[in-house]
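User: I would like to learn how to read contacts in a structure file. Can we go through one step by step?

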Amino acid sequence: MLNFRGCKEKGVKTVFLITASMSILVVAMIFLFLGKEGLSIFKEVPLSSVWVDKWYPVSFRKPQFGIIPLLAGSLLVTAIAIIFAVPLAVGTAIYIAEIAKPMEREFLKPFIEVLAGIPSVVNGFLGMVILSPLVKKVFSLSTGLNALTGGLMLGIMAVPTIISISEDAIRNVPQSYKQASLALGASFLQTTFKVTVPAALSGIIASVMLGIGRVIGETMTVMMVTGNAAIIPHSAFDSVRTMTATIAAEMGEVPFGSTHYHALFLVGFILLSITFLINYIAQKVLHKYRLGE
Amino acid sequence: MPKKRTNEKIVYWILRGISYFFVLIVAYILFDIFIKGIGVISWDFLTQAPKKGGTAGGILPAIVGTLYLVLMTIIISLPLGMSSAVYLTEYATQGWLTRLIRLAISTLAGVPSIVFGLFGLSLFVIFFGFGASILAGSFTLALLVLPIIIVASEEALRSVPPYMREASLALGATKWQTIYKNVLPYSLGGMMTGSILGIGRAAGETAPILLTAAAFFLPRLPDSIFDQVMALPYHLYILATQHPEVDKVRPLQYGTTLVLMALVIGLNLAAIILRMRIRKKYQW
Amino acid sequence: MATKISVKNLKFFYGEKLALADIDMEIPANMVTALIGPSGCGKSTYLRTFNRMNDLIANTRLDGKVLIDGHDIYSNGVDVVGLRKKVGMVFQKSNPFPKSIFENVAYGPRIHGIKNRHQLQEIVEKSLTKSALWDEVKDRLDENALSLSGGQQQRLCIARTLAIEPEIVLMDEPASALDPISTSKIEELIHELRDNYTIIIVTHNMQQAARVSDFTAFFYEGQLVEFSATEVIFYKPAKKKTEDYVTGRFG
Ligand SMILES: Nc1ncnc2c1ncn2[C@@H]1O[C@H](COP(=O)(O)OP(=O)(O)OP(=O)(O)O)[C@@H](O)[C@H]1O
Ligand SMILES: [Mg+2]
């Protein structure tokens with residue numbers, strides 16, 4: 001009886017352990033499959049050939065798989081998104097955490113949640129029909145489908161992530177810090193900007209990093225609004241093509257196992273590695289400040 | 001002094017302005033979609049297949065396809081996510097394995113959706129030979145929502161106070177009896193709530209199914225889980241980008257957007273209502 | 001007087017921190033033993049060694065022996081689940097499950113394999129009668145247990161414990177959160193149960209210890225200072241420290 005029960009308990013625990021370990025297996029397999037498919041491009045072309053500034057995957061004379069334009073595209077769009085999103089999102093986080101009354105907070109939060117829940121294809125669509133004509137008109141451009149439009153749309157999409165984690169960090173600053181500052185005669189705003197925000201800084205930085213991670217991996221929106229030219233952009237008004245959009249747009253048509261196929265997997269592998277690093281560091285930062293509380 | 005007060009006021013108003021800027025954006029988006037989409041919605045639009053390559057007719061196959069994908073995603077991800085959460089909250093001790101599992105989950109949460117697409121393509125479509133199908137797409141989406149379900153389920157399990165477990169163990173119940181009879185019954189609702197939020201995310205995703213399940217134009221309903229399907233988000237993408245006369249099909253684009261948003265927001269609302277009812281039921 | 005539990009050289013550690021130091025004690029069968037002492041002296045820790053509830057806390061260590069009916073409950077291969085069936089526990093904060101009154105009491109028997117509805121009904125009635133709650137709840141067994149008053153909830157928890165037919169009942173400040181009337185009901189109940197169970201009760205209330213217990217153990221900073229018949233502890237304590245405590249000079 002005792003033994004049977006003991007075995008059953010062990011068995012149940014093992015089953016749960018196995019299911020929980022599936023996540024490890026999945027992550028390992030993602031790295032393995034993308035790494036294997038991506039890196040096998042180097043059996044066909046030398047390492048140096050992917051570090052060029054031309055991405056001409058389908059060409060009769062000489063296909064080229066330079067990832068520099070794609071990296072540049074992703075970088076530019078991400079930079080625009082973050083420059084646009086961070087001040088607005090952190091400002092909103094400060095407002096919601098420190099200034100808004102409870103009722104107002106309850107009113108504001110659902111809007112941020114809805115914003116977070118809008119599917120990226122819908123964002124892309126809205127970017128096409130609302131934002132891009134606006135950008136075109138304001139800057140008198142020939143087309144509104146460019147890095148700026150993409151960056152702005154992605155910025156809006158990064159906002160909910162940054163707000164929710166920053167707000168958490170700001171609220172978690174011990175009351176005693178704030179009271180000490182207020183007791184010294186500092187005004188509420190001085191306290192907020194000189195004490196509260198610096199104390200919450202690591203949390204805010206982590207939120208921005210997670211925002212970057214989200215933005216750099218975003219696919220449908222950028223594919224729909226950036227114009228998709230695989231060239232190294234010279235300004236925010238140039239059309240760009242990100243790593244994500246390249247994969248999404250071209251993967252459907254490549255022959256299985258071709259150099260182009262492997263090149264796209266290589267792009268995916270690089271993307272995976274970048275987001276992994278960013279998220280890993282962000283988690284470390286978050287973990288530290290949570291322990292520091 | 002007065003000058004300082006004015007400065008403070010200005011900063012206040014700037015912060016307030018920024019916050020309400022987002023309220024405006026969201027309200028405008030919802031309003032725009034509703035106004036321009038509602039005119040297209042009709043019985044025919046919802047119940048007929050698309051015609052003329054999508055420039056006319058309805059979106060039934062896309063609705064059905066998305067529902068199939070969502071349903072299969074639930075079937076795959078829910079048991080896996082919930083039992084992972086049970087392990088993490090009830091059994092896991094501090095140690096390298098637990099840390100590794102947590103690292104894997106947070107990594108998974110940050111993997112870009114197109115990378116899931118690539119992975120789904122190489123594992124489910126090619127390696128397992130599912131082909132581009134509901135099955136392959138659902139497995140891919142299930143991995144995408146897995147971290148959301150795990151985190152939500154963990155929270156639900158942790159909301160059952162520790163003394164519930166102690167009291168049961170003190171009566172001579174085994175650990176599994178305690179979990180099964182005295183923890184799961186009270187946390188199942190909360191687990192479902194969080195999971196619905198994850199599912200809402202899956203319903204709107206395009207990139208993961210682009211390579212694993214979605215059909216460009218397939219005006220019939222799927223017969224089996226090995227069929228390709230149309231899906232609402234992908235259909236919207238096609239309508240918005242792949243038509244020679246993009247402006248002519250604009251109303252259809254809005255109609256599709258409205259249906260997709262209604263589905264996503266509907267799922268979220270369902271989760272919120274469920275959460276409120278559960279909160280009333282168990283006040284520890 | 002038969003010994004039910006005999007404790008030898010017991011030490012208990014939370015991490016590096018020593019919470020119980022070299023306890024030796026013989027707890028008599030079918031008597032009420034009270035554990036008293038200032039907050040943090042280790043009473044709850046000690047109580048929880050008897051049903052191995054401390055096992056649930058990570059990073060703890062126990063030295064020495066605890067024998068129940070002559071068997072070391074910490075030796076290898078002991079069936080902890082069986083032990084907890086034999087040693088029931090009532091907690092400080094009443095903690096009924098958010099189920100019906102009936103299901104609360106039937107929880108233990110069900111766990112231990114009784115499925116027959118009729119048999120369960122009998123056990124529920126018997127346990128509720130023993131815990132002096134039957135008359136108050138017999139018409140509302142299907143109501144949620146959380147609808148009971150605090151005192152009723154605690155008596156329900158006692159019934160829930162009695163339903164698994166333990167030989168020993170551990171009570172950790174069972175009345176500390178209750179009003180005086182409920183408290184006196186619980187005390188009466190302890191009196192009644194004494195004939196059939198070995199009861200160990202932790203209490204902060206000196207009068208309560210004096211009223212309900214046959215023996216009293218006084219703990220101080222993890223050590224057993226004095227253990228004697230209750231009258232001795234309260235009227236002729238051997239140690240100065242005990243006298244100071246029971247007369248309210250500290251603690
Ligand atoms: N889970 C734990 N981890 C670490 N230390 C603990 C833990 N539980 C109790 N302790 C410590 O062990 C000592 C004894 O605690 P215990 O709860 O047994 O005291 P007590 O006599 O029951 O006190 P009280 O009258 O307040 O209930 C205390 O110093 C306490 O801080
Ligand atoms: Mg105690």
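User: Start with the ligand. How many residues surround ligand 1, and which are the closest?

Analyst: A residue is near a molecule if one of its heavy atoms lies within 4 Å of it. Here 13 residues surround ligand 1. The closest are C:Ser39, C:Gly40, C:Lys43, C:Ser44 and C:Thr45. A caution on the source: this is a predicted model, where local features need pLDDT of at least 70 and side-chain atom pairs count only at pLDDT 80 or more, while totals for chains, interfaces and linings use all residues. Residues are numbered from 1 along each chain as its sequence is written, chains are lettered from A and ligands numbered from 1 in the order in which they are written, and side-chain values use heavy atoms, with hydrogens and water left out.

User: Which polar side-chain atom lies 2.7 Å from an oxygen atom of ligand 1?

Analyst: Look for polar contacts, pairs of N or O atoms within 3.5 Å; within protein, one must be able to donate a hydrogen and the other to accept it, and residues adjacent in sequence count only if both atoms are side-chain atoms. The 2.7 Å case belongs to C:Ser44. C:Gly40 uses a polar backbone atom instead, at 2.8 Å from an oxygen of ligand 1. As for cover, the protein hides 63% of the 630 Å² of accessible area that ligand 1 has on its own (Shrake-Rupley method, 1.4 Å probe; for residues, only the protein chains shown count as cover).

User: How do I read a chain interface? What area is buried between chain A and chain B?

Analyst: Buried area is the accessible area (1.4 Å probe) that two parts lose on being put together, summed over both. For chain A and chain B, this is about 6,400 Å², with 82% from carbon and sulfur atoms. Contact means heavy atoms within 4.5 Å. By that rule, 71 residues of chain A touch 72 residues of chain B. Eight residue pairs are in polar contact across this interface, both at pLDDT 80 or more.

User: How many salt bridges are there between chain A and chain B?

Analyst: A salt bridge needs a side-chain nitrogen of Lys or Arg within 4 Å of a carboxyl oxygen of Asp or Glu. The count between chain A and chain B is zero.
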